Structures are given as structure tokens and as C-alpha cells.
Amino acid sequence: MPANDSLMATLSGARELVQTHADRRRGNNPVAIRALHSGDRELLTMILERLGPRSRIQRFLAPRPAFSGRDLAITSSVDGWNHAGVIAFAGSPALPVGAAYYVRTDDHEVAETAIEVVDDWQRRGIGRLLIAELRVRALQAGIRRFEWFAFESNHAVAALARDLSDRRSVRVGDGVIRWSAEIC
Ligand SMILES: CC(C)(COP(=O)(O)OP(=O)(O)OC[C@H]1O[C@@H](n2cnc3c(N)ncnc32)[C@H](O)[C@@H]1OP(=O)(O)O)[C@@H](O)C(=O)NCCC(=O)NCCS
């Protein structure tokens, strides 16, 4: 099945769909991104399990040989407003390859975010696409700032942050930085 048809079959019925292309190194591969739904626990598990040990540490700031219900909690609380996310599909057959989420904090205009892209699909532009989509949805929900934690050595996160304005970073210990940036 051609890659495009496979993606469309995977996503048929999805309420929101963004179809685009990303792959600066290996030519164009179709990537589809849609909102995260409450039934996506299995898809999210597939993504987390395809993160290698280094990516797991970067994502959770600690080793994660296995995942707990807490790691997947966003799928049971997603409401598209206070808790929302986006999920990307690529390949043929199409598989989930990345996700990004936000959870609104007590400050109504600030949300905590996290992102992951499976190892095999990193550095092909999917992280940037996910953040761009998440940002649009967060703005619609009245969010003005994203905050996130990452290791100081996580250059991919620093590169993604360059797209956002009024960036602030504070060292919080053990090589971890608390980032904050405007998304307006
Ligand atoms: C962070 C992450 C989501 C980025 O996803 P990605 O799909 O690889 O990102 P992109 O391909 O869109 O690249 C975005 C930018 O990061 C840069 N980048 C990506 N991986 C990099 C790496 N290993 N080292 C240096 N720069 C890197 C890219 O060059 C690009 O910057 P540019 O446009 O200025 O060239 C991915 O690396 C990942 O899942 N890491 C593990 C989990 C994690 O660290 N999450 C963040 C903490 S919540």
C-alpha cells in the first residue's frame, strides 16, 4: 500500500488531521498529526516502547526500563482544553512515531509540556511539527506559555525552544533545566 494511503487508512475517522511532509535527511515521508484522544493509551505505549534507553532518560529524567500508568496518565485525562496532546503517524504501514502534550498549571495561561519521538524517526523534523501543532491548540485554549524540564545536555530540546520567544531557563540541579517560553 502506498505510504499516503496507509496513513489515510490509519487515520480515517480522525476528527482532526494535519497531513504534511518532513524528512530533511532522507527525502519526503508523509507524516500525519492528529489530536490525542482518550482511547490512545495503546498508541502512546507503542511510542514509549520504541524510545531507546537514552531517549527514555532524556524524556523522564531517569531510567525507565518499563512504563507505569503514571507515564500514560495523559490518555486518561485528555480533554482537549486543560490536558491536550498531538500524536504523529508515519511509515508504511503507518505507526505512531511521536507525541507531545500539555497540562495546564494552576496559572491558567501556563502549561507544562513534554514530547517524545521514537528513535528511528528522530532528526527528521517530526519534533518540530509536533510542537507547532501543540502550540496552535494550546493558543486556542488560552495558554500563553509552555514550561518543561530537560537535561542541559539535551540539544534537541534547546533547538526546539529556539522557535519560541521570551525563553527562560533555570538550572534546577543534577544537570536539569526548567525551561519556560512564550508561545504567542
Ligand atoms: C526532543 C525530540 C522530541 C526532538 O524530536 P526530533 O523529531 O528529533 O526533532 P526535529 O527533527 O524536529 O529537530 C528539531 C531540532 O532539534 C535538533 N536536533 C534533533 N536531535 C538532535 C540531537 N540529537 N542533537 C542536536 N540537535 C538535535 C535538530 O537539528 C533541529 O534543529 P534545527 O532545525 O535547528 O536543525 C527527540 O529528540 C526525543 O524524543 N528525545 C527524547 C525525549 C526528550 O528528550 N524529550 C524532551 C524532554 S520532555
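## A covered strand

Let's start with strand E3, residues 83-90: it is mostly covered, and eight of its eight residues are buried. Keep in mind as you read that this is a predicted model.

Which residues of E3 lie on each side? His 83, Gly 85, Ile 87 and Phe 89 are on one face, while Ala 84, Val 86, Ala 88 and Ala 90 are on the other, and both sets are buried.

## Partners on either side

E3 pairs with strand E2 (residues 30-35) in the antiparallel sense, over five bridges. Here Val 31 stands opposite Ala 90 of E3.

Strand E4 (residues 95-104) is also an antiparallel partner of E3, and eight bridges join these two. In this pairing, Val 86 faces Ala 100 of E4. E3 and E4 form a hairpin with four residues between the strands, and Gly 91 takes a positive phi near 90 degrees there.

## Around the ligand

Now to the ligand, which has 22 residues around it; Gln 58, Gly 127, Arg 128, Ala 156 and Ala 159 come nearest. By class, this shell holds 10 nonpolar, seven polar and five charged residues.

Which elements supply at least two residues each? They are helix H3 (53-60), strand E5 (110-117), helix H5 (126-140), strand E6 (145-151) and helix H6 (155-161). H6 gives the most to the shell, with five residues.

Definitions and conventions
Residues numbered from 1 in each chain as written. Predicted model: local features only at pLDDT ≥ 70, side-chain atom pairs only at ≥ 80, totals over all residues. Near = placed C-beta within 6 Å. Nonpolar A, V, L, I, M, F, W, Y, C, P; charged D, E, K, R; others polar. Buried ≥ 20, exposed ≤ 12 C-beta atoms within 10 Å, placed from the backbone. Pairing = 2+ DSSP bridges.
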